[in-house]
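Good morning, and thank you for coming.

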Protein chains: 2
Amino acid sequence: MIKLELDRKKHSLCVKEAPDVSSLANGFYGQMVRGVIYLSPEEALYVMDIRNGRCYDSVGNEFSFNEVASQFLRNKKLLARYLTYKDYRDKGLILRGMNEADGNYGRSLSVKYAGGDFTLASFSFQGLFFPNDLITLVDDERVGKELYERYWIGQFGTYKAAHRGRISKLDIYETIFLLKHGDLHLKNARLADIEKAASKRIKFFSDMYLVYEDWRKRGYVVKTGFKFGTHFRIYFPGASPVRSEDEWMHSKHVIHVFPRKHKLIISEWARAIRVAHSVKKTFILAIPGKKTPIEVNPKKPRLDFLLYHRKKGGIETPKDGTPRYLMYSLTEDEYIGGEGLAEALAECNKFGLEMMMAISDRESSVTYYVIKTIDLPGSEYEYYEIEWIQP
Amino acid sequence: MIKLELDRKKHSLCVKEAPDVSSLANGFYGQMVRGVIYLSPEEALYVMDIRNGRCYDSVGNEFSFNEVASQFLRNKKLLARYLTYKDYRDKGLILRGMNEADGNYGRSLSVKYAGGDFTLASFSFQGLFFPNDLITLVDDERVGKELYERYWIGQFGTYKAAHRGRISKLDIYETIFLLKHGDLHLKNARLADIEKAASKRIKFFSDMYLVYEDWRKRGYVVKTGFKFGTHFRIYFPGASPVRSEDEWMHSKHVIHVFPRKHKLIISEWARAIRVAHSVKKTFILAIPGKKTPIEVNPKKPRLDFLLYHRKKGGIETPKDGTPRYLMYSLTEDEYIGGEGLAEALAECNKFGLEMMMAISDRESSVTYYVIKTIDLPGSEYEYYEIEWIQP
């Protein structure tokens, strides 16, 4: 049994008895001040829940788990923090409060993506736009075939059977891209009409188009991600739909567009990542629009915990190791916004640590995602690789 | 070469030359009237695209594919219909216009689910509600354990390790269910406060709760579907979280709630189904709220094509077989609403056919889903099994 003492006035919890102090200090719990260990709410609840802790006030009244927790009901995300703290601890790993983050740990890794460029041979052609379906058809066989084979723009013939049929289908992004950067002429619509029709139908269409154009302009092939539950899938510069030796080229990356001003419930957000994971694709989160300078306020951290991870043959600890991640603690029913995420990532950047997002579902099972910055040469937008991991 | 004749005034397309007529009749295209075959727009476009058709008017002017298509630009979903028509035809299967649907084919299958009931032993207990996290904690070990082991309500201890820890976590649906049907007392919140907090956070919360309650009341266990990208996962009556011989019980069904008045873009809708499929779960779509009587207007069908499918050793045809499905043709960027879907399903029911939803993505690749009605004894809501298939 570990004896905790609650000071209800100060909302503080501490451990004073020597064997308890030594046991908790060895396990890297709390802050030691003159032989007394002061625990954060998450630490105190963990000790009560899992380490057989019992809590009393200075005159010996006992407090139950919920009585202790109710002292901190005003803390935001108390359970999101507690449940993710607990899960990480339950894995035998050490985590500490954000207030201990200090300096730059130099561990932040950004992933460098190839840069490229894109030039379209100037040839002029006509298309027919279908406003109800947001598709343009090109019935000039030579043009449709060249657009498809040389640039992988449009779908000539039949999907995965380009020799079957003679019509090329341009999707809404390809249509606008070719109106802007190519020499496509539509018999029955102008650019403004099309953008209007698309914006009416597809939420955040202009954000979606910005992302499409950004990757296309750098030489990437960008196609629908429908089959993988995301907005786009991409192929690296040089990819071709013309099959070599009858093998289809598989994309390895999918893109989900997350508008800066938009907020999404975590469960929907996670759904998109799940599909990508299940089909073994790298999930890229795109936050289009210009980056805004973000001030990191160390007194009001957005992130929750400083995480020590594993090392060869054991675990890292505050005693002889350095932290590796910052934890962002959330629940399934919490919201996250593009802007909020960008701010949290700026905080990670300041400390030179990667972000580990920890999401506790309604059953208190925790899912982890590691988020890395993508360095796409020439782009002004923010892109992140999100990977589902088991720490 | 098949020669098509366009009558621009009547917007009609026909085939007159004897070898062409015989070839198309054998392939089950069009309507024969006095030796002439009249083609629907989808059929005409297919013949031009794939069967080497060329189109002329009565004085010999030739019309390109897009010139023919532009005659029908006002038709709703022209390309959605054409591309799904094409894909089904490309599989070597026959489909015909909805106008040929006649009578009741007796093929509509509903899936019967077990009925059950639910009674909670009356014991009174207390909990602490965390409004920020929408979770209730119960720190009475005996109660938390019994709720979990006997009813699989809440998560006692740790997820998949109930022996670890002594606290029970009730999610927001369990909290409300126990406030309404059990004897849970909260120290710090009333039912109305909780419903308000939940509605503010979770879209269509009352619809979600109705579905939760509906299945729970019939003896099913209903837990979060977070890991599978859906709202809930369910276990059939009698399921228990207490592991037998160290084996975890896996759910086989997930539920996605689709409010009657809500419209969802197909790509988001499909995303939820994809995850369920990838983890080999049966996907159940729930449309809560009372069914409203639906009038089917045979002159304005919501569905698109009458589908003949395969039979042993070959394919069904209009000549000697019966249709099996009705096709609902959509594109990735189209919307679908709970109400619209219910209406379309009523149409299927009238004809005694199952629904096959065909979704053409931006690349004209088509994905198929078969939709079956679920018969859940005692329930007033609509539930459907949706299965991803390759016809």
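This is a predicted model: local features need pLDDT of at least 70, side-chain atom pairs count only at pLDDT 80 or more; totals for chains, interfaces and linings use all residues.

Let me begin with the relation between the chains. Chain A is superposed on chain B by a rotation of 180°, with 0.0 Å of shift along the axis and an RMSD of 0.0 Å. The two copies are therefore related as by a two-fold rotation axis. Both copies use the same surface, since 100% of the contact residues of chain A recur in chain B. Which residue of chain A comes closest to the rotation axis? That residue is A:V275, whose C-alpha is 2.7 Å from the axis.

I turn now to the nonpolar cores. The largest has 45 residues, and A:L4 and A:L39 have the most contacts inside it. Another core lies apart from it, with 44 residues, including B:I2, B:L4, B:L6 and B:Y368. Returning to A:L39, and setting aside neighbours within four places in sequence, its contacts are A:L4, A:L13, A:V15, A:L24, A:Y29, A:G30, A:A44 and A:V47.

Next, the helices. In chain B, helix α4 covers residues 78-90. Its 13 residues reach 18 Å from first C-alpha to last, close to the 18 Å expected at 1.5 Å a residue. Is α4(B) mostly covered or mostly uncovered? It is mostly covered, with 11 of its 13 residues buried. Among the buried residues are B:L78, B:L79, B:Y82 and B:L83, and also B:K86, B:D87 and B:R89. After α4(B) comes B:G92, which has a positive phi, near 85°.

In chain A, helix α6 spans residues 172-181, and seven of its 10 residues are buried, so α6 is largely enclosed by the rest of the structure. The buried residues are A:I172, A:Y173, A:E174, A:T175, A:I176, A:F177 and A:L178. At the start of α6(A), the backbone nitrogen of A:Y173 has a side-chain oxygen of A:D171 within 2.9 Å.

Finally, I come to A:F305, which is located in strand β19 of chain A, residues 305-307. Is A:F305 buried or exposed? Its relative accessible area is 3%, and because the cut-off for buried is under 20%, A:F305 is buried. Not counting residues up to four places away in sequence, A:F305 touches A:E42, A:R81, A:T84, A:Y85, A:L95, A:R96, A:G97, A:M98, A:Y325, A:L326, A:M327 and A:S329.

Key: Residues are numbered from 1 along each chain as its sequence is written. Chains are lettered from A and ligands numbered from 1 in the order in which they are written. Side-chain values use heavy atoms; hydrogens and water are left out. Helices (H or I, at least four residues) and strands (E, at least two) are DSSP runs, numbered from the N terminus. The expected span of a helix is 1.5 Å times one less than its number of residues. Buried means under 20% relative accessible area, exposed over 50%, partly exposed in between (1.4 Å probe, protein chains only). A nonpolar core is a set of buried Ala, Val, Leu, Ile, Met, Phe, Trp, Tyr and Cys residues joined through side-chain atoms within 4.5 Å. Contact means heavy atoms within 4.5 Å. Copies are superposed by least squares on the C-alpha atoms of residues with pLDDT of at least 70 in both. A polar contact is a pair of N or O atoms within 3.5 Å; within protein, one must be able to donate a hydrogen and the other to accept it, and residues adjacent in sequence count only if both atoms are side-chain atoms.
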